[in-house]
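Open the model and keep the sequence beside it. The text below starts at the ligand and then moves to the aromatic rings.

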Amino acid sequence: MKGVVMRHILRSQQFNRTDIEELFKATDTMRKAFKSSLGRVQFRPRLLGKLMFTIFYEPSTRTRFSFAAAAIHLGMRVVGTDNAREFSSAIKGETLEDTIEVLCQYLPDVIVLRHHEAGAAERAALIGERHGVSIINAGDGKGQHPTQALLDLYTIKQELGRTDDIKVVLGGDLANGRTARSLVYLLSKYKGVRLIFVSPPELRIGGDIKSHLIEHKVRFEEETFLLDALLHAETLGRDIDVVYWTRVQRERMENPGANFGESYRITPEIMSHLKQDAILMHPLPRVDEIAKEVDSDPRAAYFRQAGYGMYVRMALLQEILK
Ligand code: NCD
C-alpha cells in the first residue's frame, strides 16, 4: 500500500502481507480513537465531503451498514440503493456497465457494489478506472468478498494474537459461499497455516481454491463431518484454533430444499470438543447452523467479528481515497 495508491478492492489476491499489516495498524488506530468522543471526530476532516454510492443487487445488512457508517464517521456522504435488481434500472434491462457509467457521471469517489454475478466488480472497475472512481467489491455472486476476508483475518489476529501457525476449519457451504473463498486466499499468504474443509460432498470448496493451495504449498484436507475434524484433534496434530462456519446458500442452489441434517449445526456439545482458546467465527447471517445457546460461549466471536468490520472498512476507505 505504500507508494502506489490502491484504487479498487476487487479480490483478496491483490493484497500482500505488508498491505495487510499496514491496514490492520490503521484499523487499530481507528478503534482506539473511537473509544472517546474526541477521537471520533479526529478522522472526519480526512475524507470530508467525499461521496460514496452503494449499489446492492443482493441482500445485505452488515456490509451495507458498516460501509455507510464507516464513510459517515470519516465525514463522507453516502447515497445508495439496496435491492438494486428491482429498484435500479436493472429491472428495465439496463446492463451493469451502463449503470456504472452513468453513476460515474455524478462524480462519486467510490462505488460499493454487491452483485449476483461473479466478476461483476472487475467489470465495473474497468469503467470506474476511466473516471477515476474506486470500485469496492462487496460480494460478487459465488466469486469473492474481499473486505469480509480482511475483517475475518483481522478478527483472527485480534482474538488469537497471530495469523501464522494456525489451524483453521472452514465449514458449511463451501461451494457457494464467497467469504470462505476470499478468506482462504488471504490465509494462504501466512506461514504454518493448515486448513480443514468440512462440508457435505455436494458443497465442497472449488477446484480453483484447491489448486491455489497446492501451488502455494498450504496443507489442507477435507472432511464431511465437523466432529471427525474435532475429535482426537490433538492426536492428529489438528488442535483447531479457528472454526469458520457458514450458512447453506440456498438462494444459489438448484435444489434449495436440500437437507444437510443436524450434523452441520454447531451446538454446545460440539463446542465441548473445541479447545478453550479457540474461536468460532461466522460471516453472518446465521440461520440455524449455530445454535443460539452457543452465543454465550466466550469463544463465539461472530458478533465481535461483525463489530471489527466497520473499522477495517474505515481503514480501507482511508487508504483508497487518500
Ligand atoms: C456474507 C455474504 O454476503 O457473502 N454476508 C456478509 O457479507 N457478511 C455471507 C452470507 O450471505 O452467507
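**From the ligand outward**

An oxygen atom of the ligand lies 2.8 Å from an N or O atom in the side chain of His 145. That is a polar contact, meaning a pair of N or O atoms within 3.5 Å; within protein, one must be able to donate a hydrogen and the other to accept it, and residues adjacent in sequence count only if both atoms are side-chain atoms. This is a predicted model: local features need pLDDT of at least 70, side-chain atom pairs count only at pLDDT 80 or more, and totals for chains, interfaces and linings use all residues. Residues are numbered from 1 along each chain as its sequence is written, and side-chain values use heavy atoms, with hydrogens and water left out.

For Arg 114, a side-chain N or O atom is 3.1 Å from a ligand oxygen atom. For Gln 148, a side-chain N or O atom is 3.1 Å from a ligand nitrogen atom. Taken alone, the ligand exposes 320 Å², and the protein buries 94% of that (Shrake-Rupley method, 1.4 Å probe). The residues around the ligand (a heavy atom within 4 Å) include Thr 63, Arg 178, Arg 247 and Gln 249.

Asn 176 sits in the loop between strand 5 (167-171) and helix 8 (178-187). Helices (H or I, at least four residues) and strands (E, at least two) are DSSP runs, numbered from the N terminus. With a relative accessible area of 6%, Asn 176 is buried (under 20%; exposed is over 50%, partly exposed in between; 1.4 Å probe, protein chains only).

Now the rings. Rings of Phe, Tyr and Trp (its six-membered ring) pair if their centres lie within 6.5 Å; planes under 30 degrees apart count as stacked, over 60 as edge-to-face and the rest as tilted. The count comes to eight aromatic pairs. Phe 197 and Phe 220 have centres 5.9 Å apart and planes at 55 degrees, so this pair is tilted. Phe 197 belongs to strand 6 (residues 194-198) and Phe 220 to strand 7 (residues 219-223), 23 residues apart. Phe 197 is buried at 1% relative accessibility, whereas Phe 220 is partly exposed at 25%.

Trp 245 and Tyr 264 are stacked, 6.5 Å centre to centre with 15 degrees between the planes. Both residues are buried. Elsewhere, Phe 24, Tyr 154 and Tyr 308 form one aromatic cluster.
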